[in-house]
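Here is a short briefing on one protein model. The notes below are grouped by topic.

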Amino acid sequence: MSETLNIAAFERYARAAVEQFPEPFRTLAAAVVLRVEDWPPENILHEMQIAEPLELTGLYEGIPITEKSVSDPAPLPDTIWLFREPILDEWRNRGDVDLETLVAHVTVHEFAHHFGWSDNDIAKIDQWWL
């Protein structure tokens, strides 16, 4: 497998994107677990009612910062999932963007959910997904 297509490269691309966040977002992102997997786990696909795993390139799991409360019990750590095979599929199908840019874009999109943005909020300022 090419060195630019493996899980370690995806993680490097994602971490580089997070390092570019302005403060205070970069600091707020530091506590989030970043996971890169080849495919979305079956339980996640089932929960989200997604039949085609290639449709899910990333996922934010957690409680958005805008909804957290100090009185809540300590939850599991927030997690950003990136799914390598679906991202690679989109990259190959698009043919108009380099892989590092696509991984960074998916990463930023998922962190936007961590910061409390909905898909509709993101779409208002980010035409990428249209």
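D89 sits in helix α4, which covers residues 84-94. The model is a predicted one.

- D89 has a relative accessible area of 27%. That value lies between the 20% and 50% cut-offs, so D89 counts as partly exposed.
- D89 and P75 are 14 residues apart in sequence. Their C-alpha atoms are 33 Å apart in space.

**Helix α5**
- The 16 residues of α5 should span 22 Å at 1.5 Å a residue. The end C-alpha atoms of α5 are 23 Å apart, which agrees.
- Of the 16 residues of α5, 13 are buried, so the helix is largely enclosed by the rest of the structure.
- Just after α5, G116 adopts a positive phi of about 100°.

**H105 within α5**
- H105 belongs to helix α5.
- Its relative accessible area is 14%. Buried means under 20%, so H105 is buried.
- H105 and A17 lie 88 residues apart along the chain. Their C-alpha atoms are separated by 8.2 Å.

**Second largest pocket**
- The volume of the second largest pocket is about 240 Å³.
- Its lining consists of F21, P22, F25, V108, H109, F111, A112, F115, W117, I122, I125 and D126.
- Two elements, α5 (99-114) and α6 (119-125), each give two or more residues to this lining.

- Strand β1 spans residues 33-37. L34 and V36 make up its covered face. V33, R35 and E37 make up its uncovered face.
- In a regular strand, side chains alternate between the two faces of the sheet.
- β1 and strand β3 (residues 79-83) run parallel. Five bridges join the two strands.
- L34, on the covered face of β1, stands opposite I80 in β3.

Key. Residues numbered from 1 in each chain as written. Predicted model: local features only at pLDDT ≥ 70, side-chain atom pairs only at ≥ 80, totals over all residues. Heavy atoms only, no water. Buried < 20%, exposed > 50% of the residue type's maximum accessible area, 1.4 Å probe, protein only. Helix = DSSP H or I, 4+ residues; strand = E, 2+ residues; numbered from the N terminus. Pairing = 2+ DSSP bridges. 1 Å grid on protein atoms, 1.4 Å probe; cavity = no way out; pocket = protein on both sides within 12 Å on 5 of 7 lines; lining within 4 Å. Points joined across faces, edges and corners; volume = space filled by probe spheres on them. Expected span 1.5 Å × (residues − 1).
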